[in-house]
Amino acid sequence: MAGTLSVLLIGLPWLGALLVWLSGDARPKILHILAVGTSVSAGLLSLILLAFAGSQPAVNFKFGGWFGDFTLVADGLGATLAAVACVVGSLAVIYSVDYMQGEAQLRRYYAFILLFIGAMTGLVLSGNLFFTFFFWEITALCSYALISYYNDDPKAVSGGMKALIITQVGGVGLLAGALAAFSNLGSFQIADLLKGATSIPAGLLAFIAYGFLLAAAAKSAQFPFHTWLPDAMEAPTPVSALIHAATMVNAGVYLLARFYPAFAQVPGWTLAVTLVGMLSALTAGLMALTATDLKRALAYSTVSQLGYMVYAIGVGGVFASQFHLLNHAVFKALLFLSAGAVIHSVGTRDMRKMGGLGSKMPFIRNVFIIGALALAGVPIFNGFWSKEFILEAGLKQGPVWAFGFMLFGAGLTAFYTIRMTWLVFYGQPREQLHVHDSGLAMKISTGLLATGALTTWLLAGPLSGLMSGSLPYHAIEPISTINLVMDVLTGAGTWLALIILLVGAGLWVVVQRSPNPIPQAHWFTELMGTFHEELVSSSFGFEWLNQQVVAAVKKSAAVLQKTQTGELNWNILGIIIALLAVLVMLFWGV
Amino acid sequence: MNISPLNVVLLVIIGLLAVGIYGLLITRNLIKIVLVLQILVKSAMLALVLAGKVGNNLGLGQSLAATVIVADTVVAVVGLALAVQVRRRFGTLDVADISTLRG
Amino acid sequence: MDAIRFTWMFAIPLLSSPAIYLAGRLGIHNPNQKGRPNLVRILALLAVIATWVPYIAAVRTFLSGERLEFAVESIWLRADAISLLLALMVLSLGTLVVIFSWSYMADEVGEEKFYAMLLAMMGLMIGLGCASDLFNLWVWFEGMAVSSYLLVAFYREQPASLEAGVKYLVQSATGSVLVLMGIALVLANSGSLDLAALHQNGARWASDHRLVSLAAAGLFIIGFGVKAALVPLHTWLPDAHSQAPSGIRAMLSGVVIEAGLIAMLRALSAIMHPLDWRIILLSFGALNMVFGNLVALRQTILKRMLAYSSLSHIGYILLGIGVSLFAGGEAAAQGAMFHLFTHMLMKGLAFLAAGALIYALYLQNGSHHALLVSDLAGTAQKYPMVALSLSIAVLGLGGLPPLAGFMSKWQIFVGGFSTQNGWIIALMVFMALNSVLSLGYYAPLVNLMYRKTPSDAILAGKPLPSTITLPLIFLAMAVVVLGLAPGLMDWLTAPAAKALLGLFGN
């Protein structure tokens with residue numbers, strides 16, 4: 001049963017993608033129906049799969065010599081993430097029925113979304129490193145195609161290119177790590193790597209571990225690769241919600257969580273993971289503080305929240321990170337989709353032009369606020385429980401200084417979340433924007449996600465039971481929801497975090513109350529403006545670094561191009577020189 | 001190194017080769033380039049005959065040289081035919097003047 | 001089975017070549033009578049289809065374990081797995097090119113010359129794969145070269161294609177002289193040119209005459225390397241690839257340079273001890289990759305971009321072969337053989353798709369203008385099939401799954417990493433980064449084609465006949481199928497890798 005379901009979860013969306021592509025752009029209605037039909041049925045099946053999760057391979061057949069066996073394992077980690085991908089995916093597709101109404105080339109959009117959903121499920125269910133990499137690359141391709149969906153817009157094109165190149169460079173780490181593991185173990189099976197990690201020579205294991213960390217950081221837009229995600233916001237909003245908030249960017253976190261037991265002993269690895277997570281959480285939080293583009297602000301906050309998950313893995317809280325991953329997927333998808341409803345309605349992403357929209361779109365305001373409270377970590381919303389659980393783990397098992405920085409990050413989160421909500425929905429309307437309420441499909445999907453943001457934390461118990469039962473190498477302690485609640489409520493970290501959160505929120509009130517409200521000349525805006533120009537717009541200098549690399553490549557290309565003079569004598573000279581060089585190399589014995 | 005007939009042939013081969021390579025590097029007239037190619041091929045032909053002699057397989061060496069003559073004539077014919085067309089289209093035989101494809 | 005039967009693989013195309021030429025010349029082909037079936041094309045198509053018969057028979061014999069060999073006097077022709085792989089590549093692409101050219105070359109003067117030369121080139125390449133004697137190898141090689149000069153300079157009214165033809169001829173002829181010098185060195189010191197005889201005693205002759213054999217190795221690498229487009233011997237390639245008729249471009253890039261590579265490896269096998277020159281193969285591999293990819297980034301003409309990308313793919317193949325010879329192990333060699341095949345499919349597809357656009361946008365409007373990258377904007381609006389197949393081709397070349405190029409590159413990587421040698425692993429990482437770099441020029445092409453606002457050239461484009469789209473569909477499907485089931489080619493690539501390593505005695 002688990003086998004059939006796993007195959008269906010990949011096959012059904014892919015079949016949908018094929019059908020969508022074949023049916024052409026002429027009748028958009030058929031496209032909507034096909035896409036919603038296949039993705040919703042995949043979503044439902046993925047929930048059924050949770051009941052059949054287990055550590056044994058669900059599917060296993062020989063694929064061929066250098067590729068290993070095609071194995072799908074629906075264990076706790078895989079099945080949960082597959083469910084997230086399919087359920088959020090189907091909600092994003094439902095939402096698209098309204099959002100993408102009347103767009104040209106709709107089939108390209110739906111085909112890639114469905115291809116993505118299938119590939120993402122494959123990525124998390126795969127029990128073979130080769131297929132992990134295979135699906136990993138397909139998700140990168142889909143992400144590229146969808147970011148550049150509006151490809152008459154040069155910003156969308158360059159954003160897509162950047163995302164593709166950076167995640168592909170990271171992918172080299174996964175490729176190298178997987179093959180290094182194969183060269184030692186003679187197998188691509190993930191289970192073999194987890195089991196045999198201790199028998200791999202320390203140097204090689206470190207190579208694999210850091211290779212995977214590189215891949216994870218690039219895919220999850222973590223420090224120092226965090227520059228691509230904000231630029232990826234040129235994609236249609238459902239894509240941002242699905243790929244760049246709820247699923248694909250989680251692949252890196254998934255990879256680290258999956259191999260944590262194998263790499264935990266590698267010297268410096270957990271510290272490196274902790275540092276990557278911490279730096280991402282902090283820098284992205286600071287960038288979210290000053291962003292003026294609603295989607296970019298959300299993108300920064302995604303990087304920051306992913307930083308929390310990576311940090312959790314670094315300090316050994318694998319379950320905490322996966323719990324936060326689930327909750328974050330729900331509330332961040334909610335935030336993106338409701339932000340998308342706003343953007344769709346007013347036609348701009350600039351928060352400085354919005355304001356006072358709450359009264360005009362009350363439903364969207366309400367669900368956005370639910371998402372925002374979950375993001376800020378306000379009690380009883382799902383983000384609260386998982387974030388506090390991460391902080392608990394950090395306090396107990398991690399370095400104290402890192403915990404301190406993460407606490408500060410929690411305050412930052414509260415601050416920028418309130419700022420964002422305020423700028424969009426409250427205050428005086430700053431520009432005359434034409435506003436219309438959102439459509440039914442948008443309301444259905446955001447409403448469902450809002451319900452999720454209020455309730456998914458109740459799943460903590462079953463989730464931990466599932467993971468501890470089906471992940472033999474991870475040593476996850478099952479913890480019931482009640483115990484988790486008690487743990488969080490009695491932990492010192494929680495109360496510290498709540499205080500910080502209140503400080504953050506209070507600071508916003510102070511800023512807001514002081515004379516000259518945003519955005520005109522105001523001490524805070526000015527301060528932030530300087531800060532923004534100096535550091536944030538360049539992603540703390542890493543944007544500059546990116547540009548230097550690109551410029552160097554282009555320059556060397558230009559130099560090499562000059563060698564093609566097109567003159568015959570020169571060409572012959574090339575032959576003669578090569579001959580002499582080869583003879584010299586041969587005689588002097590290389 | 002005593003001066004035996006074989007060494008003389010070897011020197012001739014090397015000489016022809018050097019002339020040919022030098023010619024290819026400096027010649028710009030297409031007809032002359034075809035001629036220089038001929039010189040190069042002649043050096044290779046001599047080399048094959050010499051190799052047959054040295055390797056105690058003179059018959060093989062000679063038949064190879066004969067085959068090369070045929071193949072090389074075909075190349076020369078094609079080369080000259082191209083030269084004729086180049087002269088017609090460009091009004092010049094200078095390879096530097098016909099060079100437009102670069103980069 | 002009668003051993004001689006496999007020789008029909010190259011005999012049929014070679015014999016039909018003059019027949020087609022005569023049929024065309026004797027006026028049976030009359031361009032003025034529109035709508036009448038054209039005998040030249042039909043003959044060409046029949047000839048390529050007929051060639052499949054002995055090919056399939058040869059494959060069946062091969063799979064049953066029998067040897068395929070045939071001797072005229074003392075000259076042996078032997079078909080091993082490498083020959084069959086090369087023949088398969090030549091035949092597959094050749095058949096599709098003949099179909100593609102059905103309409104594409106219909107209005108050209110000298111159509112009969114085109115088909116005659118194409119078939120001759122195909123036959124010579126298949127023969128080249130079967131040669132097992134150094135000089136015989138050279139003869140096939142030279143024949144292939146001559147037929148390809150004529151095809152490159154086919155548009156003799158076009159100054160640029162004359163220029164490309166001249167450069168190609170002179171550089172190629174220089175390389176061929178170097179090969180002859182190498183052959184002379186081998187003959188002088190071993191007294192034989194038969195590869196099987198030279199192999200005996202593990203090529204004792206070469207270890208007895210170490211310096212001479214090294215010099216011969218250098219001459220073979222450079223001589224055949226001109227045709228195989230090793231950097232810096234590649235300078236003819238961008239010109240020739242951008243000026244030849246579209247079908248020939250596909251053949252040149254998909255098969256001819258690969259045939260040069262195979263000829264080089266066969267010749268090198270006379271010298272055996274690869275220890276001394278394997279590093280040279282690896283260095284050329286690295287150089288080709290990085291040079292091809294970097295220069296391709298700056299191309300504004302689609303065909304030149306694809307030509308430079310061929311350089312980088314030759315680099316990947318060389319790395320795969322070099323790694324296997326360096327450290328043993330079949331994985332990398334098999335990957336390289338597989339990549340030979342997938343590159344043929346993908347690059348053939350890319351050039352044919354580009355050709356389809358050239359036909360629709362320029363040739364039909366009576367222009368020989370080069371197809372610019374910017375002309376591709378909005379292709380999908382008007383030519384969805386061409387846009388899709390060109391996208392599949394370039395994404396496959398860039399190594400994205402689920403396409404064939406991903407699988408063959410992966411095999412090369414597996415082989416490289418399995419050596420557990422730090423330098424090789426560094427090279428493999430370098431290759432992976434190169435593959436990422438190549439996406440820097442492939443991916444924007446796809447983007448451009450799916451734009452909503454078509455370029456002026458696209459707007460003025462003419463409709464495409466089905467003979468042009470059919471080969472595209474077929475190749476695109478092959479690229480996807482091999483991307484999902486790479487094991488389909490194992491029956492040939494695995495023995496070819498074995499045969500390759502067997503040539504060098506491991």
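**Helix packing and chain interfaces in the predicted model**

Helix α3 (residues 58–90) of chain B packs against helix α6 (residues 159–190) of chain C at an angle of about 165°, with the axes 10 Å apart. Axes are lines fitted to C-alpha atoms, for helices over the stretch in contact, and angles run from 0 to 180 degrees between N-to-C directions. Helices (H or I, at least four residues) and strands (E, at least two) are DSSP runs, numbered from the N terminus. The angle therefore makes α3(B) roughly antiparallel to α6(C); angles under 35 degrees count as roughly parallel, over 145 as roughly antiparallel, 65 to 115 as roughly perpendicular and the rest as oblique. The crossing of α3(B) and α6(C) is left-handed (near helix turned anticlockwise from the far one by less than a right angle; right-handed if clockwise). Contact (heavy atoms within 4.5 Å) involves residues of α3(B) including B:Leu60, B:Leu64, B:Val68 and B:Arg89. On α6(C), the contact residues include C:Pro159, C:Leu162, C:Val166 and C:Leu187. By class, the contact of α3(B) with α6(C) comprises 15 nonpolar, 4 polar and 1 charged residues. Ala, Val, Leu, Ile, Met, Phe, Trp, Tyr, Cys and Pro count as nonpolar, Asp, Glu, Lys and Arg as charged, and the others, Gly among them, as polar.

The model is predicted: local features need pLDDT of at least 70, side-chain atom pairs count only at pLDDT 80 or more, and totals for chains, interfaces and linings use all residues. Residues are numbered from 1 along each chain as its sequence is written, chains are lettered from A and ligands numbered from 1 in the order in which they are written, and side-chain values use heavy atoms, with hydrogens and water left out.

Chains C and B bury about 3,000 Å² between them, 81% of it on carbon and sulfur atoms. Buried area is the accessible area (1.4 Å probe) that two parts lose on being put together, summed over both. In chain C, C:Glu163, C:Met181 and C:Leu187 lose the most area to chain B, together 18% of what that side buries. The count between chain C and chain B is 1 salt bridge (a side-chain nitrogen of Lys or Arg within 4 Å of a carboxyl oxygen of Asp or Glu). C:Glu157 pairs with B:Arg89 at 3.1 Å, N to O. C:Ala188 lies in helix α6 of chain C. C:Ala188 touches B:Ala51, B:Val54 and B:Gly55, not counting residues up to four places away in sequence.

Between chain A and chain C, 60 residues of chain A contact 73 residues of chain C. About 5,800 Å² is buried there, 74% of it from carbon and sulfur atoms. A:Trp66, A:Gln564 and A:Leu586 lose the most area on the chain A side, together 12% of what that side buries. The salt-bridge count between chain A and chain C is 1. A:Asp152 bridges to C:Arg451, with the closest N and O atoms 3.7 Å apart.

Within chain A, helix α3 (residues 76–99) and helix α10 (residues 237–246) pack at about 165°, with axes 8 Å apart. α3(A) is thus roughly antiparallel to α10(A). Their crossing is right-handed. The contact residues divide into 9 nonpolar, 3 polar and no charged.

Over all chains, the structure holds 23 salt bridges. C:Arg41 and C:Glu111 form a salt bridge at 2.9 Å, N to O. This pair links helix α2 (residues 39–63) of chain C to helix α4 (residues 111–130) of chain C, 70 residues apart.
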